[in-house]
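Subject: Structure handover

Hello,

Here is the structure I promised you. Please open it first, then read the notes below.

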Amino acid sequence: MSTKIFVNLPVKDLEKSKAFFAALGYAFNPQFTDDKAGCLVLGEDSFVMLLSEPFFATFTKKSIADTASSAEVIVALGVASRARVDELADAALAAGGTPSNEPSDQGFMYGRSFQDLDGHLWEVIWMDPAHVQG
């Protein structure tokens, strides 16, 4: 049995954040989506809970990170091809995201990064399966 992962991210405007990720081709699980949270489905066992900032604050005693000046996490998405890296990163930029770092091309691994509407850092990476030993 695999472990499911739910990454929780605070967002300033839930509807705008949902539209941003929908523009990248992702869907939301309606069972766990309401006016306070959106359950972004990345894959069969991978989800991101986009939580309105007031709702997110109910889960922690810490202050919410100011993503304009600090990084709280980098979410990395492994995809099936170099072309998919470019498709996803280009879609993020077209939907209002901003570049985070320069593309990285090491031959066997290729990646690009962006910041979403709330300044959360995302990386999209492809690794040549021939170089990944399992």
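Start with a polar contact of 3.0 Å, which joins the side chains of arginine 112 and aspartate 86. A polar contact is a pair of N or O atoms within 3.5 Å; within protein, one must be able to donate a hydrogen and the other to accept it, and residues adjacent in sequence count only if both atoms are side-chain atoms. The side chain of arginine 112 also makes a polar contact of 2.8 Å with the side chain of aspartate 90.

Some ground rules. This is a predicted model: local features need pLDDT of at least 70, side-chain atom pairs count only at pLDDT 80 or more, and totals for chains, interfaces and linings use all residues. Residues are numbered from 1 along each chain as its sequence is written, and side-chain values use heavy atoms, with hydrogens and water left out.

Back to arginine 112. It lies in strand S8. Helices (H or I, at least four residues) and strands (E, at least two) are DSSP runs, numbered from the N terminus. Is arginine 112 buried or exposed? It is buried, with a relative accessible area of 14%. Buried means under 20% relative accessible area, exposed over 50%, partly exposed in between (1.4 Å probe, protein chains only).

Next, the core. A nonpolar core is a set of buried Ala, Val, Leu, Ile, Met, Phe, Trp, Tyr and Cys residues joined through side-chain atoms within 4.5 Å. The largest one has 22 residues. Phe21, Leu24, Leu50, Leu88, Phe114 and Trp122 have the most contacts inside it. Several elements each supply at least two of its residues, including helix H1 (14-23), helix H3 (82-94) and strand S8 (109-115). A second, separate core has six residues, among them Cys39 and Phe47.

Now helix H1. Its buried residues are Leu14, Ser17, Lys18, Phe20 and Phe21. Seen down the axis of H1, they fall within an arc of 160° (taken from the directions from the helix axis to the C-beta atoms), so they line one face of the helix. Aspartate 13 caps the N-terminal end of H1: one of its side-chain oxygens lies 3.2 Å from the backbone nitrogen of glutamate 15. Glycine 25 follows H1, and its phi is positive, near 95°.

Last, the sheet. Four strands form an open sheet in the order S1-S4-S3-S2, with mixed pairing. Two strands pair if DSSP finds at least two bridges between them. S2 and strand S3 (residues 37-43) pair in the antiparallel sense over two bridges. Phenylalanine 28 stands opposite leucine 40 in S3.

Best wishes
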